[in-house]
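Student: I have a structure to look at. Please show me how to read its features.

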Amino acid sequence: MTDRLAELSAQGVAVWLDDLSRVRLTSGSLKKMLDEQHVVGVTTNPSIFQKALSDADAYDAQLKDLAAQRVTVEEAVRLMTARDVRDACDVERPAYDASNGVDGRVSIEVDPRKAHETESTVAEAKTLWWLVDRENLFIKIPATLAGLPAITATLAEGISVNVTLIFSLERYRAVMEAFLAGIEQAKANGHDISKIGSVASFFVSRVDTEVDKRLDKIGSDEAKALKGKAAIANAQLAYEAYEEVFGTDRWKALASAGAHPQRPLWASTSTKNPEYKDTIYVEELIAPGTVNTMPESVIKAYADHGETRGDTISGQYDAARKVFTDLAAAGVDFDDVVKVLETEGVDKFEASWKELLEGVDKSLKAASAGSSSPSDAA
């Protein structure tokens with residue numbers, strides 16, 4: 001029987017799971033995916049935690065304890081999510097050790113409401129790093145303009161970072177610059193830079209969703225022929241930029257001191273358009289030194305019928321550039337596309353965070369009421 005995920009891994013693509021919940025941890029599901037499906041990392045976001053905490057009673061005991069301590073809703077959310085991430089870090093620790101600290105990473109995100117606040121983001125990153133207390137942790141920081149200096153400052157503290165919500169090549173280059181500066185500062189600060197990891201999460205399917213919507217509105221045959229091409233082309237050109245930056249003398253000097261490169265991570269890889277193959281954003285983005293973080297449905301789909309055709313990125317750069325030339329000719333303003341996507345990305349995570357806080361607030365009140373005795377109420 002073909003082990004398609006093993007074939008994918010052999011091409012240099014790290015398979016990560018874009019999901020986490022306490023049920024997944026207590027049931028042994030995550031451990032099984034590590035052992036049987038080559039899942040060597042985990043990413044989370046506010047939407048994932050909002051769903052996890054609203055769907056399960058696995059948090060009831062901890063909620064009861066937190067209610068008894070009269071913690072704030074924000075404290076409760078952080079303590080609950082940090083516990084899940086810490087336990088996931090322990091599950092993934094064998095992958096971390098086996099890869100010399102490259103894989104086996106688990107991410108936790110700073111409060112998305114701070115996406116445009118540099119100092120507050122850095123402060124929370126340091127707090128989360130202390131709270132989870134696992135060296136295979138990633139702190140997720142959005143690639144907003146305010147996030148860029150926060151990325152550098154956090155890395156300079158010796159803290160590993162997953163940069164999220166990257167949509168444009170221009171911003172991706174700025175993220176790589178922030179990474180290099182952060183590692184240089186960490187080295188100057190006396191940190192062991194071989195222990196610091198980073199990935200740059202380049203979002204994929206959302207690009208096609210927004211571009212395809214605009215192409216449909218334009219409505220010409222030329223426009224419709226470009227549907228489903230922008231996201232892959234964008235990611236392919238991101239990999240070209242990655243090869244360029246991590247081939248410089250500046251990077252080589254850091255690598256010789258033990259630094260690991262900031263790998264491109266393909267995020268948002270589930271297809272939103274049912275007309276597209278469910279594994280397209282995996283099959284068309286295969287190249288050495290990359291990460292593909294997938295929801296379980298995509299991992300299962302790839303294991304069942306994914307096609308590993310070798311490197312599908314290198315050598316595609318001219319064709320990818322032509323896609324953008326054609327999009328511009330058709331009337332698609334891609335600079336506006338990525339601006340809209342970044343704004344929507346932050347807004348969606350803020351909305352999920354708000355829902356998470358509201359749900360935990362209700363749960364805390366219910367747990368508190370349930371533990372009160374008649375004498376307490378008197």
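Student: How many cavities of 30 Å³ or more does a search of the whole structure find?

Tutor: A cavity is a set of points on a 1 Å grid over the protein atoms alone where a 1.4 Å probe fits but cannot get out. The search of the whole structure finds one cavity of 30 Å³ or more. Before we go on, note that this is a predicted model: local features need pLDDT of at least 70, side-chain atom pairs count only at pLDDT 80 or more, and totals for chains, interfaces and linings use all residues. Residues are numbered from 1 along each chain as its sequence is written, and side-chain values use heavy atoms, with hydrogens and water left out.

Student: What volume does the largest cavity have, and which residues line it?

Tutor: A volume is the space filled by probe spheres set on the grid points, which are joined across faces, edges and corners. Lining residues have an atom within 4 Å of a point. The largest cavity has about 30 Å³. Its lining is Glu109, Pro112, Ala115, Pro142, Leu165, Gly345, Val346 and Phe349. Helix α17 (residues 334–371) gives the largest share, three residues. Helices here are DSSP runs of H or I with at least four residues, strands are runs of E with at least two, and both are numbered from the N terminus.

Student: Where is the centre of the largest pocket, in terms of residues?

Tutor: A pocket is an open set of points with protein on both sides within 12 Å along at least five of seven lines. In the largest pocket, Asn45, Phe203, Arg206, Ser268 and Lys272 lie nearest the centre, among 25 lining residues. The space in this pocket is about 460 Å³. Again α17 gives the largest share of the lining, with five residues.

Student: What about the second largest pocket?

Tutor: Its volume is about 340 Å³. Of its 15 lining residues, Ser168, Leu169, Glu170, Asp335 and Val338 lie nearest the centre. α17 gives the most here too, six residues.

Student: How are two packed helices described?

Tutor: By the angle between their axes and the distance between the axes. Axes are lines fitted to C-alpha atoms, for helices over the stretch in contact, and angles run from 0 to 180 degrees between N-to-C directions. Take α3 (residues 29–37) and α6 (residues 73–98): the angle is about 10°, and the axes are 10 Å apart. The two helices are therefore roughly parallel (angles under 35 degrees).

Student: Which residues meet?

Tutor: Contact means heavy atoms within 4.5 Å. Leu30, Lys31 and Leu34 of α3 meet Ala88, Val91, Glu92 and Ala95 of α6.

Terms used
Angles under 35 degrees count as roughly parallel, over 145 as roughly antiparallel, 65 to 115 as roughly perpendicular and the rest as oblique.
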